Amino acid sequence: AEPEFVKKLLDLEVTEKDTAILEVEITSLSNDVTWQKDGQVLNSKENKFEFTRDGTIRKLLIRNTSVHDEGEYTCVLSDKLCSAELTVVELPPEITITMKDVTIVRGDKATFEIELTKGDALVRWMKDGQELQFSEHIRLYIDGKRQKLKIYNATSDDAGIYSCQVGNQTSKAKLTIEEPGVEFIRKLSDITLVPLDEDILLTIELSDDKASVEWYRKTDLIHDCDKYTIIDEGTVKKLIISGCSIDDAGEYSVKCLNVKSVTKLKIEVTESPPRIPTNITKLYRTKRGNDVHLIVPYFAGSPCSQCEWTINNSPVIESSRIVEKLTEEQATLTIRQVEKEDMGTYRSKLVNSYGEITAELTLVVGDAPDQPEGPLTIHNITKKSLTIKWRPPKYDGGYEISHYTIEVFETTKGIWSPVIVVNSQTFDYTLENLDDNLEYIFRVKAANEIGLSQPLESKAIILNKCYDKPGAPRAPLIITGMTETSFTLEWQPPENDGGSPINQYIVEVKQTTKKKWKELKGFISDCTIPRVDILDLIPNTAYDIKIVARNSIGDGPPYITPEPILVGKLM
């Protein structure tokens, strides 16, 4: 009979970020369904969707729902279908990265930072419970979901409790202002310019001639070497950077007790095409759904007038999700809520009036792996066991496969049950203690550090319908090593092993003139190349040979030599 819907889809309302479960019940245990959204077939390979079957129940799970998931969903069963509307109730914005306490020295800059679930959220910033008034001294910077509050040239009056409020949620942090352990008479300039290939001298002056300092490039401590020369002249401290290349550009700082001074070193390149440092980040790895910024810093005699981005040799199309930005120092490609389709090789071609240069970057989008490669095949079937085999997924999700999970579905129970977790180098598994009268379905999922793949399922199987006794062994017979009392006999395996491997051959002999067969005892044969040594025979006597193949189900029909074998020669 054609399968029918017992229970059809019902309209569903869920809260944003929850998992939506659309469910039907059908009359069949083995038939499957397909799912559509607004007339488009859904793909289970997308990590967002999961299709499950549990007895006669079929479900569509939609993870981490958003307003973009709203629409009409349809379940198709053969030529029948049913539909329902999914509504997603939007959540208010939330703070995902909260403020942290900050301790700085008087005169330095303090920065508080938060990240929100939505970029259009209304945020109130306060100090000691009073709403802040922004100015040159206190500034707010907004970049999508991130907001930064910066307090410049901080004084003791700026110390206190800072907070931001989003809806009913509040994040607080304390700003502590310390008195400097030593005073700067002269600080580093905010920006230091140096012509390409020339030396640069960085100089500070302190109020204490006995104070020692440490110099840093970004977060790396600088030591005296060919590249760097550190000079201590009492209150004056110096750092010489020799032969500045574009790779030397970046942030340099000097620290003494609880104070520091920072400069940004820029390399002046005159009348030349753009140049890209050799130490840029070339591999970006992120999880699906995150935002990513692909950055190409450059140096040039004149700013670049254009930047062309491509992905896998096709032009990048800007949108509300993909945004290009070009400044005098770098080209940036921002991709929000990264998808698997964004993965690939990106090229950024920078052009100015003197020439051009191209940088190549790779973006790997971490996701759950594809399902294992099928089909999920079944081998070595016995009354109580079978072996399943699979292949690794084509795509590992950008992260190494960590393991595989194996599950079994018994139609009498109507549920999937875990069997075992096997390592990433295992591609087969033998299931034992099965009931040969029950119908089973097996499935395998691949796992990486992101999560589990969609399952690879076997066909439904009832063991007692899949195996039998083996067929008869076959000619041609090969006789070797003939002596007056013995010879070696080799034969061919049965055409059909009955669905279960041959585990033994039973060989019997009798004199052609007699009726009684005698089984060879202590005989063990390699079942892949079956042969036996027949010993202790009577010279010049004719013998018949009977061979039976045996598997876990039982003994097959015998093969009897069509002609007697005369010890000493073949008749």
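**Stop 1: the ring cluster**

Select Trp390, Tyr404 and Phe427. Ring pairs link these residues into a cluster. The model you have open is predicted. A search of the whole structure finds 6 aromatic pairs.

Now keep Tyr404 and Phe427 on screen. Their rings form an edge-to-face pair. The centres are 6.0 Å apart, and the planes make an angle of 70 degrees. Those are the values to look for, because a pair of aromatic rings is described by the distance of the centres and the angle of the planes.

Where do the two partners sit in the chain? Tyr404 belongs to strand S38, residues 403-410. Phe427 lies in the loop between strand S39 (415-423) and strand S40 (428-431). The two are 23 residues apart, and the pair links distant parts of the chain.

Is Tyr404 buried or exposed? Tyr404 is buried, with a relative accessible area of 0%. Phe427 has 27% relative accessibility, so it counts as partly exposed.

**Stop 2: from Phe427 to Val351**

How far apart are Val351 and Phe427 in space? From C-alpha to C-alpha, the separation is 51 Å.

Centre the view on Val351. Val351 is in strand S34, residues 344-352. Its relative accessibility is 15%, so Val351 counts as buried; the cut-off is under 20%.

Show what touches Val351. Leave aside neighbours within four places in sequence. The contacts of Val351 are then Cys304, Ser305, Gln306 and Glu356.

**Stop 3: a loop and its distant partner**

Select Gly181. Gly181 sits in the loop between strand S18 (169-178) and strand S19 (184-186). With a relative accessible area of 52%, Gly181 is exposed.

Along the chain, Gly181 and Leu257 are 76 residues apart. Their C-alpha atoms are separated by 6.0 Å.

Which residues does Gly181 contact, leaving aside its neighbours within four places in sequence? They are Leu257, Asn258 and Val259.

**Stop 4: Glu563**

Move to Glu563. This residue is in the loop between strand S50 (559-560) and strand S51 (565-566). Glu563 counts as partly exposed, at 47% relative accessibility.

The C-alpha atoms of Glu563 and Asp544 are separated by 7.3 Å. Along the chain these residues are 19 apart.

**Stop 5: backbone exceptions**

Switch to a backbone view. Most residues other than glycine have a negative phi, and most peptide bonds are trans.

- Gly374 and Pro375: a cis peptide bond joins them, with omega about 0 degrees. Pro375 is in strand S36, residues 373-379.
- Ala475 and Pro476: here too the peptide bond is cis, with omega about 5 degrees. Strand S44, residues 474-480, holds Pro476.
- Asp38: phi is positive, about 50 degrees, although this residue is not a glycine. Look for Asp38 in the loop between strand S4 (34-37) and strand S5 (40-41). Asp38 counts as partly exposed, at 47% relative accessibility.
- Asp128: phi is positive here as well, about 50 degrees, and again the residue is not a glycine. Asp128 lies in the loop between strand S13 (124-127) and strand S14 (130-131). Its relative accessible area is 46%, which makes Asp128 partly exposed.

**Stop 6: the whole chain**

Clear the selection and zoom out. Colour by secondary structure. How many helices and strands does the protein have? The count is 0 helices and 52 strands. The radius of gyration is 38 Å, well over the 25 Å that the globule rule gives for 571 residues, so the protein is more spread out than a compact globule.

Colour by accessibility. Buried residues make up 43% of the 571 residues. The accessible surface comes to about 30500 Å². Carbon and sulfur atoms account for 47% of that surface.

Colour by charge. The protein has 69 positive and 90 negative charges. Their mean positions are 5 Å apart.

Finish with the contacts. Consider those between residues at least 6 apart in sequence. Of these contacts, 63% join residues at least 24 apart.

How values were computed:
Residues numbered from 1 in each chain as written. Predicted model: local features only at pLDDT ≥ 70, side-chain atom pairs only at ≥ 80, totals over all residues. Heavy atoms only, no water. Helix = DSSP H or I, 4+ residues; strand = E, 2+ residues; numbered from the N terminus. Rg over C-alpha atoms; globule rule 2.2 N^0.38 Å. Buried < 20%, exposed > 50% of the residue type's maximum accessible area, 1.4 Å probe, protein only. Contact = heavy atoms within 4.5 Å. Areas by Shrake-Rupley, 256 points an atom, 1.4 Å probe, with all protein chains shown as cover. Lys, Arg positive; Asp, Glu negative; His and termini not counted. Charge placed at Lys NZ, Arg CZ, Asp CG, Glu CD. Phe/Tyr/Trp six-rings, centres within 6.5 Å; stacked < 30°, edge-to-face > 60°.
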